[in-house]
Amino acid sequence: MQKPETKYLYRIIGIAALLIIGGGIYYFFSPEESVYFPQCPFHRLTGLDCPGCGSQRAIHHLLHLQVKDAFVSNPLLVLAIPYILTGIFFEYFGGKERFPRLRKILFGKTAIIIVLAVIIFFWIGRNIV
């Protein structure tokens with residue numbers, strides 16, 4: 001059986017490795033210019049943007065510190081980054097044990113419904129404008 005400290009260290013190393021590899025790919029290769037990045041099947045079939053359309057370009061821009069361009073590519077992703085990081089903290093770094101009430105508020109049933117509504121309104125709104 002592994003010690004909790006070892007398990008925690010493996011998590012940090014694994015997440016860091018994934019972030020470095022993924023970040024390197026998105027830093028050095030532009031999704032707009034490279035054929036290696038997948039295209040959105042929803043957009044290809046309908047011509048409409050899904051909530052995730054532009055996320056790869058937004059990540060590329062963020063890694064180059066081009067926040068304005070990232071926001072233009074996918075504003076929902078840029079605005080959701082603090083929420084996503086908070087979720088990672090709660091799930092993988094002991095946040096759910098240390099802050100159970102805050103986790104329930106931010107990631108409970110009501111929060112999930114609100115997040116889903118925001119995604120749906122964003123999806124509709126980006127195709128109307």
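Trainee: Where is isoleucine 21 found?
Mentor: Isoleucine 21 sits in helix α1. Keep in mind that this is a predicted model.

Trainee: Is isoleucine 21 buried or exposed?
Mentor: Exposed. Isoleucine 21 has a relative accessible area of 54%, and the cut-off for exposed is over 50%.

Trainee: Which residues make the nonpolar surface patch?
Mentor: Ile21, Ile25, Tyr27, Phe28, Phe29, Ile59 and Leu63. The patch they make covers about 660 Å².

Trainee: Which helix gives the most to the nonpolar patch?
Mentor: That's α1, with 4 residues. Both α1 and α3, which spans 55-63, supply at least two residues each.

Trainee: New topic. How many disulfides are there?
Mentor: The count is 0. Take cysteine 40: its nearest cysteine sulfur belongs to cysteine 53 and is 3.5 Å away. A disulfide needs the two sulfur atoms within 2.5 Å. Cysteine 53 is in no disulfide either, and the nearest cysteine sulfur to it is that of cysteine 40.

Trainee: And is cysteine 53 buried or exposed?
Mentor: Buried. Cysteine 53 has 9% relative accessibility, and buried means under 20%.

Trainee: OK, serine 34. Where does it lie?
Mentor: Serine 34 is in the loop between α1 (4-28) and α2 (41-46).

Trainee: Buried or exposed, that serine 34?
Mentor: Serine 34 counts as buried, at 13% relative accessibility.

Trainee: What lies 3.2 Å from a polar atom of its side chain?
Mentor: The backbone nitrogen of tyrosine 36.

Trainee: Let's jump to tyrosine 83. Which helix is it in?
Mentor: Tyrosine 83 belongs to helix α5, residues 75-92.

Trainee: Which residues does tyrosine 83 touch?
Mentor: Leaving out residues up to four places away in sequence, tyrosine 83 touches Leu106, Phe107, Ala111 and Val115.

Trainee: What about leucine 106, which of its atoms lies 2.6 Å from the side chain of tyrosine 83?
Mentor: The backbone oxygen of leucine 106.

Trainee: How many residues apart are tyrosine 83 and isoleucine 105?
Mentor: They are 22 residues apart in sequence. In space, the C-alpha to C-alpha distance is 12 Å.

Conventions
Residues numbered from 1 in each chain as written. Predicted model: local features only at pLDDT ≥ 70, side-chain atom pairs only at ≥ 80, totals over all residues. Heavy atoms only, no water. Contact = heavy atoms within 4.5 Å. Polar contact = N/O pair within 3.5 Å; in protein donor to acceptor, adjacent residues only side chain to side chain. Buried < 20%, exposed > 50% of the residue type's maximum accessible area, 1.4 Å probe, protein only. Patch = residues over 30% accessible without salt bridge, like charges linked within 9 Å, V, L, I, M, F, W, Y side chains within 5 Å. Areas by Shrake-Rupley, 256 points an atom, 1.4 Å probe, with all protein chains shown as cover. Salt bridge = Lys/Arg side-chain N within 4 Å of Asp/Glu carboxyl O.
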